[in-house]
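Me: Could you walk me through this chain before I set anything up? I'd like to start with how the helices cross.

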Amino acid sequence: MKKTAAKKKGATTKMPPKEPLATTTTTPTESHPDAAAHVYEGAKGVWAWGKGVAVFSPFMGIAEAVAGKALEVAGTNMEELDSNIVPQLKNLDSGVLNPAIEKVAEVMLGAAGKAEEIVKPIIVLVLSPFKMLEQQPSNETPEVTN
């Protein structure tokens, strides 16, 4: 009876001790631009969209039928061609385009950081006499007094 009375009065119940969370170590995933694959998928998306537009639909259907017939004469079809193109685009991206794009981005970002280091002192020197620059806030925090 006493225990239920204590619970009714708002007594707190002790929580069990927290167990440490399991930590997982994952390697950061690298993102790559994959430009060729994106262009190819975008072109297929535009084609699919164009087939839904009434003005373009007849022309798209005719072009697709002609391409399908030409592939059939060559001994293949669109699905097989698509399954052959996608791995080749991945090879192009991973072997040529991704390293080139990443190197260009690395150089550009490095140059942007250096440009600020070079240009900022010159701008400060030129504009300071004209009081066109705001005063930089100090890094010190003001002392709080009561």
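Me: What is the handedness of the H2 and H3 crossing?

Reply: In this predicted model, the crossing of H2 and H3 is left-handed. The two helices, with H2 covering residues 35-52, pack at an angle of about 125°, and their axes are 7 Å apart.

Me: Where in the chain is confidence highest, and where is it lowest?

Reply: Confidence is highest in helix H3, residues 57-74, with a mean pLDDT of 94, whereas helix H1, residues 2-8, is lowest with a mean of 52. Over the chain the average pLDDT is 80, and 71% of the residues score at least 70.

Me: Stepping back, how many helices and strands does the chain have?

Reply: There are 4 helices and 0 strands, which gives the pattern α-α-α-α when the chain is read along its sequence.

Me: What share of the residues counts as buried?

Reply: Of the chain's 146 residues, 5% count as buried. As for contacts, among those between residues at least 6 apart in sequence, 53% join residues at least 24 apart.

Me: Changing topic, what is the phi of Asp34?

Reply: Phi of Asp34 is near 45°, which is a positive value in a residue other than glycine. For background, most residues other than glycine have a negative phi. Asp34 sits in the loop between H1 and H2, and it counts as partly exposed because its relative accessibility is 29%, between the 20% and 50% cut-offs.

Me: Which helix holds Pro99?

Reply: Pro99 is in helix H4, which spans residues 78-127, and with a relative accessible area of 37% Pro99 is partly exposed.

Me: What does Pro99 touch, beyond its close sequence neighbours?

Reply: Leaving aside residues up to four places away in sequence, Pro99 touches Asp93 and Ser94. Pro99 and Pro33 are 66 residues apart in sequence, and their C-alpha atoms are 9.5 Å apart in space.

Notes: Residues are numbered from 1 along each chain as its sequence is written. This is a predicted model: local features need pLDDT of at least 70, side-chain atom pairs count only at pLDDT 80 or more; totals for chains, interfaces and linings use all residues. Side-chain values use heavy atoms; hydrogens and water are left out. pLDDT is the predictor's confidence in each residue, from 0 to 100. Axes are lines fitted to C-alpha atoms, for helices over the stretch in contact, and angles run from 0 to 180 degrees between N-to-C directions. A crossing is left-handed if the near helix is turned anticlockwise from the far one by less than a right angle, and right-handed if clockwise. Buried means under 20% relative accessible area, exposed over 50%, partly exposed in between (1.4 Å probe, protein chains only). Contact means heavy atoms within 4.5 Å.
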